[in-house]
Amino acid sequence: MHCFDPRAAGAVQAVADHFGDEVYPGELLLDETGRKIGSTATVFPLIVGGGRAADALRSITVSQHLFGIERVVVVHHSFCGATSFTAEGITAAWKDEQHSDISSLYDWDGIAITDFEKSLSYDVSLIRNSPGTPKHLEIYGLFYDIDSGELTEIVRDVPAEVAQ
């Protein structure tokens, strides 16, 4: 999963390249009548504001159920807009601008990004501890530099039986 910032669009291919055993974007598979019935892609991008895990938990569950995914990768990127506000600030602004109190709507630790290592650790932990996440999944937190295209692994949560 990564941020909806168009500058972060290269993160998906960077993740495929980083792991080396992933295919993206892949080829469409057609049946004998020309209908699109599948794809050779093994990377299924989840694109959400700030690349935050809270917005992707349901999609992780569905992806596992439909496709049997084995790996979840959270990607946060340099110069992300989610670093330009705080949970308190956006909540106060929303109340002022929209006349609605959203203070209890979201988990405050998953709204803004103040430190990439902390936000990636938090998001990987949130995914790992979700009842909708199978225990065998590998979960990674990566940082994507939008200028260089470089990925840096910040967090790795791989079950012991998978790591061997």
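In what sense do strand S1 and strand S2 pair, and over how many bridges? In this predicted model, local features need pLDDT of at least 70 and side-chain atom pairs count only at pLDDT 80 or more, whereas totals for chains, interfaces and linings use all residues. Residues are numbered from 1 along each chain as its sequence is written, and side-chain values use heavy atoms, with hydrogens and water left out.

Strand S1 (residues 28-30) and strand S2 (residues 36-39) pair in the antiparallel sense over three bridges, where pairing requires at least two bridges found by DSSP and strands are DSSP runs (E, at least two residues; helices, H or I, at least four), numbered from the N terminus. Within this pair, Leu-30 stands opposite Lys-36 of S2.

An open sheet of three strands, with mixed pairing, has the order S3-S4-S5. Strand S3 (71-77) and strand S5 (151-157) each have a single partner strand and stand at the edges, so one side of each is left without a neighbour in the sheet. Strand S4 (residues 138-144) and S5 run antiparallel and are joined by six bridges, with Leu-142 opposite Glu-153 in S5. Helix H4 (residues 116-128) packs on the sheet and touches S3, S4 and S5, contact being heavy atoms within 4.5 Å.

Leu-66 is placed in helix H2 (residues 57-67). Leu-66 counts as exposed because its relative accessibility is 56%, the classes being buried under 20% relative accessible area, exposed over 50% and partly exposed in between (1.4 Å probe, protein chains only).

Methods:
Axes fitted to C-alpha atoms, helices over the stretch in contact; angles between N-to-C directions.
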